[in-house]
Amino acid sequence: MRSYLFVPGDSERKIAKALDAGADALILDLEDSVAPSAKEAARAVAAQALADAASRPQRPRLYVRVNALDTTLTGADLDTVMRAGPDGIVLPKACGGRDVSHIAAMIAVREAEYGLEDGRTRILAIATETAKAVFALGTFGGASHRLTGLAWGAEDLSADLGAETNRDETGAFAQPYRLARALTLLGAAAAEVDAVDTVHTAFRDLDGLAAECRAARRDGFAGKLAIHPAQVPVINETFAPTTEEIAKARAIVEAFERDPGAGVVAIDGEMIDMPHLKRARRLLARS
Ligand code: COA
Ligand code: MG
C-alpha cells in the first residue's frame, strides 16, 4: 500500500472526508490526536465508522491506531473497535517484535470472541518512537504473521531524546532521525514486511512532501503516512510505479522465464542478474 491517511478517531466530519480522499488505507486514530477526555467517545465513533464503511462498494483499507501497550487503554480500544472488524491495527510505540506478538495475541482473542476469521486483522507497527525501540528494530522477524509493515516516527522520538527539534538548519531530518529511518528500512526488509515512511507534518508543503516521497521510494520504502487529504495524491503518484518501470520489470521477469537455466541476462546493454530479478518481481507485486 502506498498511502496511509491518519484521521482523528473522534472526528466524524474528518472520517467522512477521509473515506473519499483516495488513500489506500485510513488510520482511524485513538492515540495522540485524541485528548484523554475524548478516548471513549473516539472508540465509539471509530467503531461506527468501520461498521458504516463495510457496506460501501469501494473503500480504503481501514486501520485503527490503538493506544500504546504501556497505557491502560489498549484492551478497551480493541474491545470496542474489533467488534467492527477493522482491516488492521496500528501499534504505536512498538518496542520490537515482542510488542507485536503481544498485541497479536490480544487481537486473536477478540477475533475468536467476535466470530471474525482467525488471522484476518493485520498489524502495522510504528517502531521508532523511543530510543529503546530503535535498538529493537532487528527483532520483528517471525513476531506475527499479521505484521505487514514497520513505520517510523520522528516526533515522539525527538521527545524521548529531549531534542529541541528533529530537523537541521536546512530543514532535513537531523542525524538521529535519519538513523532511525534507515534502521526501519533494514528492520522491515529483515522481517520481510513493508517499510512505511513517516509523516511530513508541514502539510501545506507539497513540494517538500514530494521530495521526501521520491527519496523514500528510491531507498525501498513501500509507502508513506499522511495527515492531510491533500498529501494523498502526491504520495499515491510517487509510489505508483510508472508504465515504463512496469514494462522494464516485465521484460526482466520474462527474460528469466524464457531461459530458466540462466543466472544472468543482458537487456538493453545492462547486466541483469538475481537482485534485479528480485527487484522486478517486487515492483510487479506492488503495482
Ligand atoms: N482526514 C480527513 N479530513 C481532513 C484531514 C484528515 N487527516 N485533515 C484535514 N481534513 C479536512 C478538514 O476537516 C477540512 O475540512 P472542512 O473544510 O470540511 O472542515 C479540510 O480537510 C481542509 O483542512 P485544512 O483547513 O487544510 O486543515 P485543518 O487546519 O482543518 O486541519 C490538521 C489540520 C493537522 C488538524 C488535520 O489535518 C488533522 O487532523 N490531521 C490528522 C492528525 C492526526 O491524525 N495525527 C495523528 C498522526 S501523526
Ligand atoms: Mg505519536
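1. Start with Lys14. In this predicted model, an N or O atom in the Lys14 side chain lies 2.9 Å from an oxygen atom of ligand 1. Lys17 also reaches the ligand: one of its polar side-chain atoms is 2.7 Å from an oxygen atom of ligand 1.

2. Phe6 makes its approach through the backbone. A polar backbone atom of Phe6 sits 2.8 Å from a nitrogen atom of ligand 1. How much of the ligand does the protein cover? On its own, ligand 1 has 890 Å² of accessible area, and the protein covers 67% of that.

3. Now take the whole shell. It holds 16 residues around ligand 1. The closest are Phe6, Lys17, Arg204, Ile227 and His228. Sorted by class, the shell has eight nonpolar, six charged and two polar residues.

4. Which elements supply the shell? Strand S1, residues 3–8, gives at least two residues, and helix H1, residues 12–19, also gives at least two.

5. Turn to Asp29. This residue belongs to strand S2, which spans residues 25–29. Is Asp29 buried or exposed? Its relative accessible area is 2%, so Asp29 counts as buried; the cut-off for that class is under 20%.

6. Asp29 and Tyr63 are 34 residues apart in sequence. Their C-alpha atoms are 8.6 Å apart in space.

Definitions and conventions: Residues numbered from 1 in each chain as written. Chains lettered and ligands numbered in written order. Predicted model: local features only at pLDDT ≥ 70, side-chain atom pairs only at ≥ 80, totals over all residues. Heavy atoms only, no water. Near = heavy atom within 4 Å. Polar contact = N/O pair within 3.5 Å; in protein donor to acceptor, adjacent residues only side chain to side chain. Areas by Shrake-Rupley, 256 points an atom, 1.4 Å probe, with all protein chains shown as cover. Helix = DSSP H or I, 4+ residues; strand = E, 2+ residues; numbered from the N terminus. Nonpolar A, V, L, I, M, F, W, Y, C, P; charged D, E, K, R; others polar. Buried < 20%, exposed > 50% of the residue type's maximum accessible area, 1.4 Å probe, protein only.
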